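Student: I am new to this structure and would like to go through it step by step. Could we look at it together?
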Amino acid sequence: MRDHNYFVYITTNPARSVIYVGMTNDLPTRLLQHYENRGKSKTWAGKYYCYNLVWFERHQYVTNAIDREHEIKKWRREKKNNLIEDMNPNWKFLNKEVGAWDYLE
């Protein structure tokens, strides 16, 4: 049986003042896309420079990941902050840990 990987993730801008919740099956590539779209108003994450990963979780089934993404998007900001801080108390940018590219020096 094939192992599937779907990720629900939260990114933030360099000042950590705006967050974006998303879902993907290729987290490193999606983060690179967010980075390449920075400053471009055609995407929400790009418009607000949300390319720094601060939280993620893996799901085996796409339907579970979609449901979780929708659940988190409905939450108030405080609850999203608590979710991030449970895994990542200092809001460290985790891009290199999941993608191994060096665009955020």
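Student: In which strand is T24 found?
Tutor: T24 is found in strand 2; strands (E, at least two residues) and helices (H or I, at least four) are DSSP runs, numbered from the N terminus. Please note that this is a predicted model, in which local features need pLDDT of at least 70, side-chain atom pairs count only at pLDDT 80 or more, and totals for chains, interfaces and linings use all residues. Residues are numbered from 1 along each chain as its sequence is written, and side-chain values use heavy atoms, with hydrogens and water left out.

Student: Is T24 buried or exposed?
Tutor: T24 counts as buried because its relative accessibility is 10%. Buried means under 20% relative accessible area, exposed over 50%, and partly exposed in between (1.4 Å probe, protein chains only).

Student: What about strand 2 in general, and why is it largely enclosed?
Tutor: Strand 2 covers residues 19–24, and five of its six residues are buried, so the rest of the structure largely encloses it.

Student: Which residues does T24 touch?
Tutor: Apart from neighbours within four places in sequence, T24 is in contact (heavy atoms within 4.5 Å) with N5, Y6, F7, Y9 and R30. Its side chain also reaches the backbone nitrogen of D26 at 3.1 Å.

Student: Changing topic, which residues of helix 4 are buried?
Tutor: In helix 4 (residues 77–87), the buried residues are K80, N81, L83 and I84. They lie on the same side of helix 4, because they cover an arc of only 160° around the axis, taken from the directions from the helix axis to the C-beta atoms.

Student: What do they pack against?
Tutor: The buried residues of helix 4 pack against strand 1, strand 2, strand 3 (52–59) and helix 3 (62–74).

Technical notes
Polar contact = N/O pair within 3.5 Å; in protein donor to acceptor, adjacent residues only side chain to side chain.
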